[in-house]
Amino acid sequence: MSRLLLCTDMDRTVIPNGRQEEALNARQAFAEFCAQPWVTLVYVTGRHLALMQEAIQEFQLPQPDYAITDVGTRIYHQRENRWHSMSGWQNEIDQAWLNVEPKQIIELLADVKGLKLQEAEKQNAHKVSFYVDLDQLDEPRCLSLVEAMMASLKIQSNLIWSIDETSHKGLLDILPPKANKLHAIEFLKQFLHYGEAEVVFAGDSGNDLPVLVSPIQSVLVANATEAVKRQAVQLAKQQGTQQQFYQAQNRSNNDGNYSAGILQGVFHYLPELKPSSTGN
Ligand SMILES: [Mg+2]
(Lines give C-alpha, C1' and ligand atoms only; values in the text may rest on other atoms or scores of the structure.)
Protein backbone atom coordinates (compact mmCIF):
# COMPACT_ATOMS: atom_id res chain seq x y z
CA MET A 1 0.00 0.00 0.00
CA SER A 2 1.43 3.38 -1.00
CA ARG A 3 1.55 6.27 1.36
CA LEU A 4 2.24 9.90 0.67
CA LEU A 5 3.68 12.83 2.61
CA LEU A 6 2.14 15.72 0.66
CA CYS A 7 3.81 19.02 1.51
CA THR A 8 2.43 22.20 0.00
CA ASP A 9 2.96 25.92 0.18
CA MET A 10 -0.23 27.86 0.95
CA ASP A 11 -0.52 31.30 -0.67
CA ARG A 12 -1.04 31.02 -4.43
CA THR A 13 -0.38 27.28 -4.30
CA VAL A 14 -3.22 25.63 -2.39
CA ILE A 15 -4.93 28.99 -1.73
CA PRO A 16 -6.26 30.45 -5.02
CA ASN A 17 -5.36 34.02 -4.06
CA GLY A 18 -3.42 34.92 -7.20
CA ARG A 19 -4.61 36.59 -10.39
CA GLN A 20 -5.30 33.37 -12.30
CA GLU A 21 -8.55 31.44 -12.24
CA GLU A 22 -9.03 28.31 -10.20
CA ALA A 23 -10.50 25.18 -11.83
CA LEU A 24 -14.08 24.37 -10.89
CA ASN A 25 -14.32 22.17 -7.75
CA ALA A 26 -10.51 22.06 -7.51
CA ARG A 27 -10.34 22.42 -3.73
CA GLN A 28 -13.11 19.89 -3.21
CA ALA A 29 -11.19 17.31 -5.24
CA PHE A 30 -8.02 18.19 -3.35
CA ALA A 31 -9.77 17.80 0.02
CA GLU A 32 -11.20 14.43 -1.02
CA PHE A 33 -7.77 13.25 -2.09
CA CYS A 34 -6.19 14.39 1.19
CA ALA A 35 -8.93 12.75 3.28
CA GLN A 36 -7.64 9.29 2.28
CA PRO A 37 -6.00 7.67 5.29
CA TRP A 38 -2.65 7.08 3.58
CA VAL A 39 -2.18 10.78 2.76
CA THR A 40 -0.37 12.89 5.37
CA LEU A 41 -0.87 16.56 4.56
CA VAL A 42 1.66 19.23 5.53
CA TYR A 43 1.25 22.97 4.94
CA VAL A 44 4.57 24.75 4.45
CA THR A 45 4.09 28.47 4.81
CA GLY A 46 5.46 31.84 5.75
CA ARG A 47 2.30 32.38 7.81
CA HIS A 48 2.26 31.91 11.57
CA LEU A 49 -0.10 29.34 13.08
CA ALA A 50 -3.09 31.66 13.65
CA LEU A 51 -2.88 33.10 10.12
CA MET A 52 -2.62 29.59 8.71
CA GLN A 53 -5.80 28.55 10.52
CA GLU A 54 -7.55 31.69 9.32
CA ALA A 55 -6.75 30.71 5.72
CA ILE A 56 -7.99 27.14 6.30
CA GLN A 57 -11.34 28.55 7.46
CA GLU A 58 -11.63 31.26 4.84
CA PHE A 59 -10.78 29.04 1.88
CA GLN A 60 -12.24 25.80 3.24
CA LEU A 61 -8.98 23.91 2.97
CA PRO A 62 -8.44 20.45 4.41
CA GLN A 63 -6.91 20.36 7.89
CA PRO A 64 -3.25 19.34 7.71
CA ASP A 65 -1.60 16.73 9.91
CA TYR A 66 1.56 18.85 10.23
CA ALA A 67 2.35 22.51 9.66
CA ILE A 68 5.73 24.03 8.86
CA THR A 69 5.09 27.69 9.61
CA ASP A 70 6.90 31.02 10.01
CA VAL A 71 9.12 30.40 6.94
CA GLY A 72 10.33 27.06 8.29
CA THR A 73 11.17 28.16 11.85
CA ARG A 74 8.35 26.12 13.45
CA ILE A 75 6.92 22.64 12.90
CA TYR A 76 3.59 21.72 14.50
CA HIS A 77 1.79 18.42 14.74
CA GLN A 78 -1.99 18.28 15.01
CA ARG A 79 -3.26 15.74 17.53
CA GLU A 80 -6.78 15.57 19.00
CA ASN A 81 -7.59 18.95 17.44
CA ARG A 82 -4.66 20.66 19.13
CA TRP A 83 -1.38 21.92 17.74
CA HIS A 84 1.86 20.80 19.35
CA SER A 85 5.15 22.47 18.49
CA MET A 86 7.91 19.98 17.71
CA SER A 87 10.70 20.86 20.11
CA GLY A 88 13.15 18.60 18.26
CA TRP A 89 13.03 21.00 15.34
CA GLN A 90 13.61 24.05 17.54
CA ASN A 91 16.65 22.38 19.08
CA GLU A 92 17.94 21.57 15.61
CA ILE A 93 17.79 25.16 14.33
CA ASP A 94 18.83 26.68 17.66
CA GLN A 95 22.46 25.57 17.34
CA ALA A 96 23.66 28.55 15.29
CA TRP A 97 21.87 31.12 17.47
CA LEU A 98 22.77 29.88 20.95
CA ASN A 99 24.58 33.08 21.80
CA VAL A 100 22.18 35.63 20.38
CA GLU A 101 18.75 36.99 21.26
CA PRO A 102 16.44 38.33 18.57
CA LYS A 103 16.35 41.67 20.38
CA GLN A 104 20.07 42.15 19.70
CA ILE A 105 19.37 41.84 15.97
CA ILE A 106 16.41 44.20 16.25
CA GLU A 107 18.48 46.81 18.12
CA LEU A 108 21.33 46.48 15.65
CA LEU A 109 19.08 47.22 12.68
CA ALA A 110 16.73 49.69 14.38
CA ASP A 111 18.05 52.78 12.61
CA VAL A 112 18.31 51.43 9.08
CA LYS A 113 16.22 53.67 6.82
CA GLY A 114 13.57 51.72 4.93
CA LEU A 115 13.35 48.85 7.45
CA LYS A 116 10.34 48.59 9.75
CA LEU A 117 9.89 45.76 12.25
CA GLN A 118 6.90 43.51 11.50
CA GLU A 119 4.15 42.86 14.07
CA ALA A 120 5.06 40.97 17.28
CA GLU A 121 3.15 37.82 16.25
CA LYS A 122 5.38 37.53 13.16
CA GLN A 123 8.55 37.32 15.28
CA ASN A 124 9.82 34.36 17.25
CA ALA A 125 13.05 33.20 18.89
CA HIS A 126 14.29 32.03 15.46
CA LYS A 127 12.80 34.70 13.20
CA VAL A 128 13.29 38.45 13.02
CA SER A 129 11.14 39.98 10.30
CA PHE A 130 11.03 43.45 8.78
CA TYR A 131 8.96 45.28 6.18
CA VAL A 132 11.13 46.95 3.57
CA ASP A 133 10.15 50.24 1.91
CA LEU A 134 11.05 49.49 -1.71
CA ASP A 135 11.43 53.19 -2.53
CA GLN A 136 14.29 53.42 -0.04
CA LEU A 137 15.91 49.98 -0.30
CA ASP A 138 15.99 47.51 -3.16
CA GLU A 139 16.90 43.84 -2.78
CA PRO A 140 20.68 43.94 -3.41
CA ARG A 141 21.22 47.07 -1.30
CA CYS A 142 19.07 45.78 1.54
CA LEU A 143 20.76 42.37 1.65
CA SER A 144 24.32 43.66 1.43
CA LEU A 145 23.69 46.35 4.06
CA VAL A 146 22.04 43.99 6.54
CA GLU A 147 24.65 41.29 5.95
CA ALA A 148 27.47 43.77 6.63
CA MET A 149 25.81 44.99 9.85
CA MET A 150 25.03 41.46 11.05
CA ALA A 151 28.73 40.53 10.80
CA SER A 152 29.35 42.20 14.17
CA LEU A 153 27.14 39.62 15.93
CA LYS A 154 29.39 36.79 14.74
CA ILE A 155 26.52 34.36 14.17
CA GLN A 156 25.48 32.50 11.06
CA SER A 157 22.17 33.61 9.65
CA ASN A 158 20.08 33.39 6.54
CA LEU A 159 18.48 36.45 4.96
CA ILE A 160 15.28 35.69 3.08
CA TRP A 161 13.96 38.36 0.74
CA SER A 162 10.46 38.34 -0.72
CA ILE A 163 7.82 40.73 -1.98
CA ASP A 164 4.27 40.83 -0.67
CA GLU A 165 2.40 41.09 -3.96
CA THR A 166 -0.76 42.48 -2.39
CA SER A 167 0.85 45.42 -0.54
CA HIS A 168 3.93 45.70 -2.77
CA LYS A 169 6.16 45.77 0.31
CA GLY A 170 9.48 44.03 0.63
CA LEU A 171 9.75 41.40 3.36
CA LEU A 172 13.03 40.53 5.03
CA ASP A 173 13.30 37.49 7.32
CA ILE A 174 16.47 36.91 9.32
CA LEU A 175 16.70 33.26 10.39
CA PRO A 176 19.21 30.72 11.67
CA PRO A 177 20.84 29.03 8.64
CA LYS A 178 19.08 25.69 9.05
CA ALA A 179 15.63 27.24 9.41
CA ASN A 180 14.17 26.94 5.94
CA LYS A 181 11.39 25.09 4.15
CA LEU A 182 13.73 22.51 2.59
CA HIS A 183 15.49 21.52 5.78
CA ALA A 184 12.19 21.43 7.72
CA ILE A 185 10.63 19.08 5.15
CA GLU A 186 13.70 16.84 5.26
CA PHE A 187 13.54 16.80 9.06
CA LEU A 188 9.88 15.76 9.00
CA LYS A 189 10.49 13.16 6.28
CA GLN A 190 13.20 11.51 8.38
CA PHE A 191 11.24 11.83 11.60
CA LEU A 192 8.27 10.03 10.01
CA HIS A 193 10.46 7.56 8.05
CA TYR A 194 9.22 8.38 4.56
CA GLY A 195 11.20 7.29 1.49
CA GLU A 196 12.14 9.51 -1.46
CA ALA A 197 9.30 8.22 -3.62
CA GLU A 198 6.70 8.88 -0.92
CA VAL A 199 7.14 12.66 -0.62
CA VAL A 200 5.81 15.37 -2.95
CA PHE A 201 6.15 19.14 -2.47
CA ALA A 202 4.21 21.87 -4.32
CA GLY A 203 4.95 25.57 -4.50
CA ASP A 204 4.67 28.69 -6.65
CA SER A 205 7.28 31.30 -5.84
CA GLY A 206 10.86 32.32 -5.09
CA ASN A 207 10.96 31.10 -1.50
CA ASP A 208 9.82 27.65 -2.69
CA LEU A 209 12.69 27.36 -5.19
CA PRO A 210 15.21 25.63 -2.89
CA VAL A 211 12.69 22.80 -2.38
CA LEU A 212 11.45 22.81 -5.99
CA VAL A 213 14.96 22.17 -7.34
CA SER A 214 16.07 19.82 -4.53
CA PRO A 215 16.01 15.99 -4.74
CA ILE A 216 12.48 16.10 -3.25
CA GLN A 217 9.82 15.33 -5.90
CA SER A 218 8.29 18.74 -6.58
CA VAL A 219 5.52 20.44 -8.49
CA LEU A 220 5.51 24.05 -9.66
CA VAL A 221 1.87 25.05 -10.11
CA ALA A 222 0.94 26.53 -13.52
CA ASN A 223 -0.10 29.88 -12.04
CA ALA A 224 3.54 30.65 -11.07
CA THR A 225 5.10 33.61 -12.87
CA GLU A 226 7.14 33.05 -16.03
CA ALA A 227 10.24 34.30 -14.20
CA VAL A 228 9.92 31.65 -11.47
CA LYS A 229 9.25 28.95 -14.09
CA ARG A 230 12.41 29.89 -16.01
CA GLN A 231 14.48 30.02 -12.83
CA ALA A 232 13.20 26.66 -11.59
CA VAL A 233 13.94 24.89 -14.89
CA GLN A 234 17.43 26.38 -15.01
CA LEU A 235 18.27 25.56 -11.38
CA ALA A 236 16.89 22.00 -11.60
CA LYS A 237 19.11 21.46 -14.63
CA GLN A 238 22.16 22.85 -12.80
CA GLN A 239 21.51 20.65 -9.79
CA GLY A 240 20.66 17.58 -11.87
CA THR A 241 17.20 17.24 -10.32
CA GLN A 242 15.06 17.50 -13.48
CA GLN A 243 13.56 14.08 -12.71
CA GLN A 244 12.30 15.45 -9.38
CA PHE A 245 10.79 18.59 -10.90
CA TYR A 246 7.39 18.81 -12.58
CA GLN A 247 5.88 21.93 -14.13
CA ALA A 248 2.07 21.68 -13.95
CA GLN A 249 0.31 22.63 -17.21
CA ASN A 250 -3.04 24.18 -17.96
CA ARG A 251 -4.31 21.58 -20.41
CA SER A 252 -7.96 22.52 -20.05
CA ASN A 253 -10.06 24.63 -17.68
CA ASN A 254 -7.14 25.82 -15.54
CA ASP A 255 -6.36 22.27 -14.41
CA GLY A 256 -2.73 23.17 -13.68
CA ASN A 257 -3.45 26.10 -11.36
CA TYR A 258 -3.39 25.97 -7.53
CA SER A 259 -4.69 22.76 -5.90
CA ALA A 260 -5.60 21.18 -9.29
CA GLY A 261 -1.96 21.65 -10.29
CA ILE A 262 -0.79 20.02 -7.04
CA LEU A 263 -2.82 16.89 -7.82
CA GLN A 264 -1.64 16.91 -11.44
CA GLY A 265 1.91 16.77 -10.10
CA VAL A 266 1.14 14.06 -7.54
CA PHE A 267 -0.33 11.85 -10.29
CA HIS A 268 2.71 12.55 -12.48
CA TYR A 269 4.98 11.02 -9.83
CA LEU A 270 2.53 8.43 -8.51
CA PRO A 271 0.10 7.56 -11.34
CA GLU A 272 -1.24 4.62 -9.34
CA LEU A 273 -2.84 7.09 -6.92
CA LYS A 274 -5.05 8.62 -9.60
CA PRO A 275 -8.71 7.91 -8.83
CA SER A 276 -10.17 5.81 -11.60
CA SER A 277 -12.94 7.62 -13.48
CA THR A 278 -14.64 4.30 -14.23
CA GLY A 279 -14.85 3.42 -10.56
CA ASN A 280 -12.69 0.32 -10.92
MG1 LIG B 1 3.25 30.91 -2.34
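Which residues does D70 touch, not counting residues up to four places away in sequence? I found H48, N124 and K127 in contact with D70, contact meaning that the C-beta atoms, placed from the backbone, lie within 7 Å.

**Entry 1: basis.** I worked on a predicted model, in which local features need pLDDT of at least 70, side-chain atom pairs count only at pLDDT 80 or more, and totals for chains, interfaces and linings use all residues. Residues are numbered from 1 along each chain as its sequence is written. Helices (H or I, at least four residues) and strands (E, at least two) are DSSP runs, numbered from the N terminus.

**Entry 2: D70.** I located D70 in the loop between β3 (66-69) and β4 (74-79). I recorded D70 as buried because it has 26 C-beta neighbours inside 10 Å; the cut-off for buried is 20 or more other C-beta atoms within 10 Å, with 12 or fewer for exposed and partly exposed in between, all C-beta atoms being placed from the backbone. I also looked up L49, which is 21 residues from D70 in sequence and 7.8 Å from it in space, C-alpha to C-alpha.

**Entry 3: the eight-stranded sheet.** I traced an open sheet of eight strands in the order β5-β4-β3-β2-β1-β10-β11-β12, with mixed pairing. Two strands pair if DSSP finds at least two bridges between them. β5 (82-85) and β12 (245-247) are at the edges with a single partner strand each, so one side of each has no neighbour in the sheet. The twist from one strand to the next averages 20°. Within this sheet I checked β1 (residues 4-9) and β10 (residues 199-203), which pair in the parallel sense over four bridges. C7 stands opposite F201 in β10.

**Entry 4: α9 and α1.** I noted that α9 lies across β1, β10, β11 (217-220) and β12, and that it runs at about 150° to β10. Axes here are lines fitted to C-alpha atoms, for helices over the stretch in contact, and angles run from 0 to 180 degrees between N-to-C directions. Helix α1 (residues 26-34) packs against α9 (residues 258-269) at an angle of about 45°, with the axes 7 Å apart. On the α1 side the contact is made by A26, R27, A29, F30 and F33, and on the α9 side by Y258, S259, A260, I262 and L263.

**Entry 5: the four-stranded sheet.** I traced a further open sheet, of four strands in the order β6-β7-β9-β8, with antiparallel pairing. β6 and β8 are its edge strands, each pairing on one side only. Neighbouring strands of this sheet are turned by 30° against each other on average, direction ignored.

How many of the five residues of β7 (residues 128-132) are buried? I counted four, and the strand is mostly covered. β6 (residues 115-117) pairs with β7 over three bridges; L117 stands opposite F130, and L115 stands opposite V132. β7 pairs with β9 (residues 169-175) over five bridges, with S129 opposite D173.

β8 (residues 158-164) and β9 pair over seven bridges, and D164 stands opposite K169. Their hairpin has four residues between the strands, and in it H168 takes a positive phi near 50°. Helix α5 (residues 139-150) lies across β7, β8 and β9 and runs at about 150° to β8.

Technical notes:
Two residues are in contact if their C-beta atoms, placed from the backbone, lie within 7 Å.
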